[in-house]
Structures are given as C-alpha cells and as structure tokens.
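Okay, thanks everyone for coming. Have a look at the screen.

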Amino acid sequence: DAWREHMLLLVALMIPVIYHWKLLVKVKKDPSNTSLGYGNKMRVHWCRFVISNDQHAILGVQSMRNEIMWGSFLGLTIFTALTVIVSTAVSSDDLRCSLARMTSYDPITSSYETGFEPNSKIMLLCLLLSLVFLMTLQYLRLLKHISVFVGCNGVPMQEQVILVAAKMYNMAALFHWMSMRFVFVLVAAFGWLFGPTYCLASSFVTVIYLSQTDNLQLGKEEEYARQCDETTEAGTA
C-alpha cells in the first residue's frame with residue numbers, strides 16, 4: 001500500500017511544476033496577458049520616467065526604500081522561521097514520533113506505516129526556507145544597485161543607463177517572484193506534515209489561487225491600452 005503515498009506526493013509535485021511550465025511559456029509568447037510579463041514592460045517605463053527627470057527622483061527613492069523595507073522584513077521573517085524550526089528539531093526528543101503521529105490523521109495513508117523518514121519533512125521545510133532566504137538576499141542586493149541609478153538625469157548614454165537599470169530591476173523582480181513561489185510551495189510542504197493527502201490538496205488549492213493573479217484577462221479598454229503601449233514602444237525603438 002505504500003505506493004499510494006508515493007503517487008499522491010508525485011501528483012502534488014507535478015501540479016505546480018506543470019502549471020509554472022505553462023505559465024513561463026505564456027510569459028514568453030504572450031507577456032502582456034500575464035502579471036509577470038506585463039510587469040517587466042512597466043518597469044522599463046518606470047525606470048525611464050524616474051531617471052529621465054530629476055523631479056521624479058524622490059519617487060524613485062521612496063519606491064526603492066519601500067521595496068527594500070519589504071525585502072528586509074521578508075528575509076528576517078524567513079530567517080526567524082528557519083531558526084525556530086532548526087532549534088525545535090535539535091532540542092526535541094520525540095520529534096520523530098510526533099511527526100509520525102501527525103501523519104496518522106491522513107484519510108488515505110493512515111492505515112499503514114509511511115515509507116518516508118519523518119525527519120525528511122523537516123529537511124524539506126528547511127531547504128525551502130533557505131531557498132526563499134537566498135532569493136530574497138539577491139532581490140535586496142539588486143535593489144541596492146538600482147538605487148544608484150536614481151537621479152542620473154543628464155549623464156552620457158542616458159538611454160543605456162535606463163535600459164541597464166530596467167534590466168536589473170526586472171532581475172530583482174524575478175528573484176522576488178521566485179522567492180514567493182517557494183513560499184507558496186511551503187504551504188504544500190506544511191500540508192505534508194499531516195499526510196500526503198493534505199499535501200496534494202494544498203498544492204491544488206495553491207495553484208488555483210496563483211492562477212487568479214498570474215493571468216490577466218484584458219477587456220476591451222485594457223486591450224486598447226496595450227495596443228497603444230506597443231505602438232509607443234515601436235515608435236521609441
């Protein structure tokens with residue numbers, strides 16, 4: 001009967017993998033209908049708006065400050081959670097028994113002994129939290145570099161400066177996007193603490209939740225605005 005747990009965990013893993021693979025294909029082919037792709041375009045306009053005019057420099061400084069504050073809060077929270085989990089795992093004498101007892105509540109796999117080492121669940125949580133923390137550090141690092149570009153109006157090769165700043169800003173946004181994806185994967189990982197059925201349910205619900213914000217359904221007015229935006233980009237090029 002152990003195959004049931006393996007199948008549930010495999011399906012729980014494949015759901016977000018297939019979803020994100022299809023999302024990245026859509027971002028590449030039709031970026032204007034995804035929040036990630038549309039955000040990449042808007043950040044280019046934002047960098048041009050802020051850098052090309054000194055009057056807007058204060059807006060850039062405030063925006064960078066807000067993003068750095070959010071990134072610092074996220075990093076500190078993740079590091080604290082990682083520290084608590086590791087310290088609990090090290091200090092607990094019956095952690096393995098407690099994890100095994102939590103899995104007994106699973107409605108499908110509770111009738112037999114799990115084939116996975118219970119401590120592997122803690123290792124998975126620590127791995128995901130570590131990845132979120134590292135992605136957040138890269139996000140903050142890139143934001144720090146971008147802050148140098150604010151107020152660079154009138155410098156030689158200003159258009160090149162704007163494009164470099166926009167590329168770095170998009171890279172920072174990508175690292176933040178990946179860190180938040182791992183945060184959502186943590187939901188399914190926490191569900192696995194109670195059994196593979198809860199892991200599968202958490203994975204499914206998380207993907208449905210993400211699909212509501214990852215995909216943009218443009219109406220007629222939004223479609224017209226997008227066409228105007230593409231026309232402006234073509235004229236600038």
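This is a predicted model: local features need pLDDT of at least 70, side-chain atom pairs count only at pLDDT 80 or more; totals for chains, interfaces and linings use all residues.

Let's begin with Phe-184: it is partly exposed, at a relative accessible area of 23%. On the cut-offs, buried is under 20% relative accessible area, exposed is over 50%, and partly exposed is in between, using a 1.4 Å probe and protein chains only.

Residues are numbered from 1 along each chain as its sequence is written, and side-chain values use heavy atoms, with hydrogens and water left out.

Now the overall picture. The protein chain has eight helices and zero strands. Helices here are DSSP runs of H or I with at least four residues, strands are E runs of at least two, and the numbering goes from the N terminus. There are 237 residues in the protein chain, and 37% of them count as buried. The chain exposes about 13900 Å², with carbon and sulfur atoms supplying 69% of that; accessible areas are Shrake-Rupley with a 1.4 Å probe, and for residues only the protein chains shown count as cover. Take contacts between residues at least 6 apart in sequence: 78% of them join residues at least 24 apart. Contact means heavy atoms within 4.5 Å.

How many aromatic pairs does the rule give? The count comes to five. Rings of Phe, Tyr and Trp (the six-membered ring for Trp) pair if their centres lie within 6.5 Å; planes under 30 degrees apart are stacked, over 60 edge-to-face, and the rest tilted. Trp-70 and Phe-73 are three residues apart in helix H3 (residues 57-91), which puts about one helical turn between them. Trp-70 is partly exposed at 36%, while Phe-73 counts as exposed at 52% relative accessibility.

Back to Phe-184, then. The rings of Phe-184 and Tyr-209 have centres 5.8 Å apart and planes at 50°, so this pair is tilted. Here the pair links distant parts of the chain, with Phe-184 in helix H6 and Tyr-209 in helix H7, 25 residues apart.

Next, salt bridges. The rule is a side-chain nitrogen of Lys or Arg within 4 Å of a carboxyl oxygen of Asp or Glu, and the count is two. In one of them, Arg-181 meets Asp-214 at 2.7 Å, N to O. Arg-181 sits in helix H6 and Asp-214 in helix H7 (residues 196-214), so the pair ties together parts 33 residues apart in sequence. Are these two buried or exposed? Arg-181 is buried at 11%, and Asp-214 is buried at 4%.

There is also a salt bridge between Arg-48 and Glu-159, at 2.5 Å, N to O. Arg-48 is in helix H2 (residues 35-51) and Glu-159 in helix H6 (residues 158-192), so this one ties together parts 111 residues apart. Arg-48 is partly exposed at 23%, and so is Glu-159 at 39%.

Staying with helix H6, Asn-170 lies there too, and counts as buried at 18% relative accessibility. Leaving aside neighbours within four places in sequence, Asn-170 contacts Gly-39, Asn-40, Arg-43 and Val-44. And Arg-43 has its charged end over the ring of Tyr-169, 5.9 Å from the ring centre. For that call, NZ of Lys or CZ of Arg has to be within 6 Å of the ring centre and within 35 degrees of the ring normal.

One more inside spot: Cys-126, in helix H5 (residues 119-146), buried at 16%. With neighbours within four places left out, Cys-126 touches Leu-82, Ile-85 and Val-86. The C-alpha atoms of Cys-126 and Ile-85 are 7.5 Å apart, though the two are 41 residues apart along the chain.

Last item, the surface. A nonpolar patch is formed by Trp-3, Met-7, Leu-10, Leu-13, Met-14, Val-17 and Ile-18, with about 680 Å² of accessible area together. Patch members need over 30% relative accessible area and no salt bridge; like charges are joined within 9 Å, and nonpolar side chains (Val, Leu, Ile, Met, Phe, Trp, Tyr) within 5 Å. Met-14, for instance, is in helix H1 (residues 2-29) and partly exposed at 35%. That's it from me.
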